[in-house]
Amino acid sequence: MIFRQLFDPVSSTYTYILGDEASRQAVIIDPVFDQVHRDVALLRELGLTLAASLDTHVHADHVTGAWLLREELGSRIALAASGGATGVDLPLRHGDRVAFGARSLEARATPGHTDGCMTYVLDDQAMAFTGDALLIRGCGRTDFQQGSATRLFHSVRTQIFSLPDSCTIWPGHDYAGNTSSSVGEEKRHNPRLGGDVREEDFVVYMQNLGLAHPRMIDVAVPANLRCGEPEFEPGSLQDWGPVQLTFAGVPEIAPEWIEENGEKVHLIDVREPHEFNAELGHAPGAILMPLGTLPQRLGEIGKDKPVALICRSGARSARATLFLRQNGFDRVANVSGGMLRWRAMNLKVE
Ligand SMILES: N[C@@H](CCC(=O)N[C@@H](CS)C(=O)NCC(=O)O)C(=O)O
Ligand SMILES: [Fe+2]
């Protein structure tokens with residue numbers, strides 16, 4: 001199986017991608033709105049088709065990427081029916097399964113952090129995605145969104161601690177840099193829910209957590225009750241051309257689009273002068289500005305048009321693209337594959 005754990009540093013949220021090796025069908029668990037372009041790029045680079053996105057609950061601290069992923073990739077939105085959100089394609093009930101190729105996840109109702117929390121258990125019970133029901137040596141708070149410490153205690157004890165000790169726990173968040181745990185480990189060492197802790201002890205513990213209110217709750221909960229559909233059209237990378245973000249975070253554009261639309265962009269070639277006129281040649285209208293000279297020459301680049309950057313293979317121009325972005329150029333893209341691909345595609349040269 002293909003498996004990735006991804007992190008959103010703003011909300012300390014973990015997003016997971018699971019893919020079936022043979023069919024290339026995949027699911028994503030707990031995508032974050034602001035990270036959707038990253039997730040789309042990784043799915044594309046790994047050759048995966050996204051069947052569904054699953055949220056473990058209606059989050060209070062970040063907006064889900066479920067709606068935006070459906071817009072971009074046509075994936076179906078799965079969420080507990082009891083979460084009460086609109087726009088859900090697969091309203092899940094306890095015991096339902098979501099398939100991706102030959103593999104599947106089983107939804108187990110684990111209410112307590114919110115009343116609609118689900119834990120997703122892989123078909124062979126080797127992995128459980130617990131959302132905020134069970135965190136590493138911790139658990140989700142129970143002081144809002146119909147939270148209940150007694151319900152959470154029973155959820156964890158009956159639905160998660162009943163899994164094999166070897167089952168890996170993949171949580172919804174971690175605020176200390178921990179990445180995973182196991183059922184056996186949490187049964188022994190979770191200070192709130194493990195060992196000989198009784199329900200009464202847990203309830204008192206949870207009444208005394210003393211956590212600050214999540215900063216985003218007033219924005220996140222209403223948006224997540226629409227599966228992350230924004231109230232306004234989200235800004236698009238693509239407003240000037242077919243720009244795609246790579247997983248490395250570089251906006252890229254295809255050389256053939258640049259050849260056809262050369263007059264719509266400033267095309268900057270960041271190679272050295274001797275390369276510009278050597279055997280690869282250069283694209284018509286390209287302006288020579290070697291990478292090392294960009295910091296001094298930024299002022300020469302007009303902001304009246306988007307900027308496309310090119311070099312030999314696309315590596316130096318990727319660095320230049322990021323440099324321009326950091327310096328206030330929003331409409332900027334790397335010409336993917338550089339002059340090597342440009343020539344391989346028999347595009348016009350000077
Ligand atoms: N400081 C965070 C809030 C973090 C928070 O409350 N997280 C929830 C999960 S959505 C939780 O249950 N945290 C448990 C804990 O921190 O122990 C923010 O402002 O967003
Ligand atoms: Fe949460």
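This section describes the overall architecture of a predicted model, followed by its helices, its loops and selected residues.

The secondary structure of the chain consists of 11 helices and 18 strands. The C-alpha trace extends over about 75 × 45 × 35 Å along its principal axes. Of the 350 residues in the chain, 45% are buried. When contacts between residues at least 6 apart in sequence are considered, 62% of them connect residues at least 24 apart.

Helix 1 spans residues 36-45, and its buried residues are V36, R38, D39, V40 and L43. The elements that cover these buried residues include strand 1, strand 2, strand 3 (25-29), strand 4 (49-54) and helix 2 (66-73). Just after helix 1, G47 adopts a positive phi of about 70 degrees. In helix 2, the residues A66, W67, L68, L69 and R70 are buried. The buried residues of helix 2 pack against strand 3, helix 1, strand 4 and strand 5. Helix 2 is followed by G74, which also has a positive phi, in this case near 75 degrees.

The contact between helix 3 (residues 149-160) and helix 5 (residues 199-207) provides an example of helix packing. Two packed helices are described by the angle between their axes and the distance between the axes. For helix 3 and helix 5, the angle is about 125 degrees and the axes are 9 Å apart. The two helices are therefore oblique to each other, given that angles over 145 degrees would count as roughly antiparallel and those of 65 to 115 as roughly perpendicular. The crossing of helix 3 and helix 5 is right-handed. Helix 3 contributes A149, T150 and F153 to the contact, while helix 5 contributes E199, F202, V203 and M206. Classified by residue type, the contact of helix 3 with helix 5 comprises five nonpolar residues, one polar residue and one charged residue.

In helix 6 (residues 217-224), the buried residues are A220, A223 and N224. Viewed down the axis of helix 6, these buried residues fall within an arc of 95 degrees, so they line one face of the helix. D218 and P222 are exposed on the other side of helix 6. An α-helix has 3.6 residues a turn, so residues three or four places apart point the same way.

Q146 counts as partly exposed because 14 C-beta neighbours lie inside 10 Å.

A further loop residue, G87, is found between strand 5 (76-80) and strand 6 (90-92). With 14 C-beta neighbours inside 10 Å, G87 counts as partly exposed. The residues that G87 touches, apart from those up to four places away in sequence, are W67, I77, R226, C227 and E229. W67 is among the buried residues of helix 2. G87 and R76 are 11 residues apart along the chain, and their C-alpha atoms are separated by 9.9 Å.

Y120 belongs to strand 9 (residues 118-122). This residue is buried, having 28 other C-beta atoms within 10 Å. When residues up to four places away in sequence are not counted, Y120 touches I29, L54, T56, L105, A107 and F129. Y120 and W170 are 50 residues apart in sequence, and the C-alpha to C-alpha distance between them is 9.8 Å.

L322 lies in helix 10 (residues 315-326). It is partly exposed, with 17 other C-beta atoms within 10 Å. The C-alpha atoms of L322 and F232, which are 90 residues apart along the chain, are separated by 27 Å.

How values were computed. Residues are numbered from 1 along each chain as its sequence is written. Chains are lettered from A and ligands numbered from 1 in the order in which they are written. This is a predicted model: local features need pLDDT of at least 70, side-chain atom pairs count only at pLDDT 80 or more; totals for chains, interfaces and linings use all residues. Helices (H or I, at least four residues) and strands (E, at least two) are DSSP runs, numbered from the N terminus. A residue is buried if 20 or more other C-beta atoms lie within 10 Å of its own, exposed if 12 or fewer, and partly exposed in between; C-beta atoms are placed from the backbone. Two residues are in contact if their C-beta atoms, placed from the backbone, lie within 7 Å. The arc is that of the directions from the helix axis to the C-beta atoms. Axes are lines fitted to C-alpha atoms, for helices over the stretch in contact, and angles run from 0 to 180 degrees between N-to-C directions. Angles under 35 degrees count as roughly parallel, over 145 as roughly antiparallel, 65 to 115 as roughly perpendicular and the rest as oblique. A crossing is left-handed if the near helix is turned anticlockwise from the far one by less than a right angle, and right-handed if clockwise. Ala, Val, Leu, Ile, Met, Phe, Trp, Tyr, Cys and Pro count as nonpolar, Asp, Glu, Lys and Arg as charged, and the others, Gly among them, as polar.
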